[in-house]
Amino acid sequence: MSALITEDEISQETELVWLEDVERLDYVRQSLDRLPTRRGKPAYHRDGRMVGYACLGPAAKASRSSGTFRRRVFWLLPHDRDTAPTGLYAKGAPAEAVDPSTLAPRSKGHRTKRSEGDHRVSQETAASGHRTR
């Protein structure tokens, strides 16, 4: 869950790489995954799709026990709002969801009215061409 990610756990991030345009997404799910490298596109083993990932700087240390690095991965499931706008998350959002406009390296982001499904905000944002922060 996003609330369980601490700023300390993401303190070595240098960049967020987006695989698709997140301007059109009300939310993305985020998790800390154990990955074999500091940089590069990780393998993806969930349902749905990966929409982005974090890269770490050279000072990031691998786990002593596993030799892996903890990196954020951003993803969506097939029943999320972007593909099922009237479905389960028409209002509200999954526990690990955050508004992608609030994300940056070393910042875990947060929920907004937009990520919670306030369609009034989404419509106003689309009409004005501006993102809600």
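Q: In what order do the 5 strands of the open sheet lie?
A: This is a predicted model, where local features need pLDDT of at least 70, side-chain atom pairs count only at pLDDT 80 or more, and totals for chains, interfaces and linings use all residues. Residues are numbered from 1 along each chain as its sequence is written. Strands are DSSP runs of E, at least two residues, numbered from the N terminus, and two strands pair if DSSP finds at least two bridges between them. The pairing is antiparallel, and the order is S1-S3-S4-S2-S5.

Q: Which are the edge strands?
A: An edge strand here pairs on one side only. That applies to S1 (13–18) and S5 (97–98).

Q: Which residue in S4 is the bridge partner of Leu35?
A: S2 (residues 28–35) and S4 (residues 69–76) run antiparallel, joined by 7 bridges. Leu35 has as its partner Phe69.

Q: Is Asp118 buried or exposed?
A: Asp118 sits in the loop between S5 and helix H1 (119–128); a helix is a DSSP run of H or I, at least four residues. Buried means under 20% relative accessible area, exposed over 50%, partly exposed in between (1.4 Å probe, protein chains only). Asp118 has 16% relative accessibility, so Asp118 counts as buried.

Q: Which residues is Asp118 in contact with, leaving aside neighbours within four places in sequence?
A: Contact means heavy atoms within 4.5 Å. With those neighbours set aside, Asp118 touches Lys91 and Lys113.

Definitions and conventions:
Heavy atoms only, no water.
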